[in-house]
Amino acid sequence: MKKTRKSNNLKLIVFFAILLILARITISVIGNGKITGLEGYLYSIAATATDADATSSNATGADATSSNATSCNVPEITATSSNVSHTATNSDASTISTSDHAQTATNKETTSTIVNTNSDETEENDEVENVVYNNQNVTNTKTSNIEAQEEKEVVSFLETHKTYIMLIGICVLAIVVIGIIIMIDKKAIKKRKEQK
Amino acid sequence: MYQDGIGTHNVSFMGTIGNIAFISAMFCILFTVSFASFVFLDEPKKYKIVHLLSIFEGFFIFIIINVLGGRVAFLSVFALLIPFIITNSKRLSRTIIAISSIVLGLAINIIINPEYHYDIGKLRLCFQFNGTALAFLVIVAIFWSLAYILYKRNFDLSRNKKIIFGIYIGMLVMVLLVCLVIYLINFNTGILYEIHELLHGNFDDDFGTYRVFLWKRAFLLLPEYPILGTGPDTFAVRFMEKYTEDIAALGELTINDTAANVYITMLINIGVVGLTTYLISIILQLITGIKNRNGYSKVLLIAMICYMIQDMFNLWVVIVTPIFWALMAIHALSIEKNKEEK
């Protein structure tokens, strides 16, 4: 036992040593800084992106996560729901067809937060200005979302009738298969008894 | 992925985990462990009850959150386990009990009928008892009787490789037949419609709740930096910049910071080298896990596979992914004993 442990540890050390040597060789061959030319690693791409336009810079780190999304004025997030079948219909599909088949009853009053990814106005220099601008700009869209959500008065958490029928069908099929397995086993038991 | 912006359901926190996709990811670990322990381990009754309660409660919530990626993962893992379940009477009996608890959850959901009322801003229970609920309750009763009959039987063919292989072939044929039916018949609704269209080569952007939109475009980013990618978490920067107009067309506030597929996101962020390294590491662990499996490691292995499958439709988040890494570590530790004994 001890021997195998020792040999395992030794193997591990050798493995890491080889790994380090390979890394060192790679660095020596490629050289510092050359990696940017080869693959345009993180910093170069991030640098070009922030220079380029508001979409990319807004959408990532600063605005979207830290300042806007979390620390905004969202006074009353009422509920998060999903799996929704609408009792009252809603014509504005674009506001509702969000990911994962789910919907949220949101804030009645949202001065939030969201980054305007479609903004063409990239001249804004200051991030804070950007946030303020975005908040103002977004209010309209958000308001239309809220209006659309208010149109549907009740959201049910049940599946559709078709899905339930399908599930019942699958269960019936499972019952039939299990029944067949029990029958086969019964026959096998009988055979064994007869052989004895 | 924030289709139509931050501020909707996708950043609302549910419990302490996060949005529904993160909950689904977490459930893929937790409930697979409970399910596999309940079915495969011969533990004392008190543990069985705890696992059964966990399955019931978990799937009840899962029915409500309704994340397709999680469902696909559970079903895939269940399909992989079917040959080892139906060839053993005890396992089959326990599986039926577990499934009946899920069906019971469906019935209870119909009976309590939770509804969210926007006008009063409250969730209400609008009790009802209809034919569907009755059908589910009848099914539960039948399931329990079948489970009882099977519990009294004593067959175990799970070590017969020929039978297991035969069942897998049979299942494959069935899957192909189902695909053929979906190919020929247009169900006009839901996931079946999407599969029908995909089989006809129509990769519409909004399929898979916009995952097709992301995957199609993400692959086009690969040739730019194929080997090492552009670094961790750079997907959003590149994707948003390149497809600004397409994204805006989905909704003005849309943000796409991942490909909604861990492997594709890795491919873009850390390139072929990074993804291959990751895949090699998990494949090696899977192979070692299968070779040196024991009762407990089997349970963890099943949970790992389930999580890896749901990764195809999800993203890594700091609240769930470390649990996956911990799971892998515990699994590695659990098979170490077997290796030493050998």
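Before the first entry I note the cut-off I rely on, namely that a residue is called buried when its relative accessible area is under 20%, exposed when it is over 50%, and partly exposed in between. I also keep in mind that this is a predicted model.

**Entry: strand S1 of chain B**

I looked at strand S1 of chain B, residues 114-117, and found it covered on both faces, with B:Pro114 and B:Tyr116 buried on one side and B:Glu115 and B:His117 buried on the other.

I then asked which strands pair with S1(B). From chain A, strand S4 (residues 154-156) runs antiparallel to S1(B) and is joined to S1(B) by three bridges, and there A:Ser156 has B:Glu115 as its bridge partner. Within chain B, strand S2 (residues 122-125) pairs with S1(B), again in the antiparallel sense, over four bridges, and B:Leu123 of S2(B) stands opposite B:Tyr116. The hairpin formed by S1(B) and S2(B) has four residues between the strands, and in this hairpin B:Gly121 takes a positive phi near 65 degrees.

B:Asn113, in the loop between helix H4 (89-112) and S1 of chain B, has a positive phi near 45 degrees. B:Asp233 also has a positive phi, near 65 degrees, and sits in the loop between helix H8 (207-221) and helix H9 (235-242) of chain B. Are these two residues buried or exposed? B:Asn113 counts as buried because its relative accessible area is 7%, whereas B:Asp233 counts as exposed because its relative accessible area is 66%.

**Entry: nonpolar cores**

I looked up the largest nonpolar core, which has 95 residues, and noted the members that touch the most others, among them B:Phe74, B:Phe136, B:Ile139 and B:Phe324. Helix H1 of chain B (residues 20-40) gives the most to this core, with 15 residues. Leaving aside residues up to four places away in sequence, I found that B:Ile139 touches A:Ile168, A:Cys171 and A:Ile175 from chain A as well as B:Val103. There is also a second, separate core of six residues, which includes A:Val155, B:Phe60, B:Ile64 and B:Tyr118.

**Entry: cysteines**

I checked for disulfides and the count over all chains came to zero. For B:Cys306 the nearest cysteine sulfur is that of B:Cys28, 4.0 Å away, and a disulfide would need the two sulfur atoms within 2.5 Å. B:Cys306 is buried, because its relative accessibility is 0%, while B:Cys179 is partly exposed at 29%.

**Entry: chain B as a whole**

The C-alpha trace spans about 65 × 60 × 45 Å along its principal axes, and 52% of the residues of chain B count as buried. Of the contacts in chain B between residues at least 6 apart in sequence, 67% join residues at least 24 apart.

Technical notes. Residues numbered from 1 in each chain as written. Chains lettered and ligands numbered in written order. Predicted model: local features only at pLDDT ≥ 70, side-chain atom pairs only at ≥ 80, totals over all residues. Heavy atoms only, no water. Buried < 20%, exposed > 50% of the residue type's maximum accessible area, 1.4 Å probe, protein only. Helix = DSSP H or I, 4+ residues; strand = E, 2+ residues; numbered from the N terminus. Pairing = 2+ DSSP bridges. Core = buried A, V, L, I, M, F, W, Y, C linked by side-chain atoms within 4.5 Å. Contact = heavy atoms within 4.5 Å.
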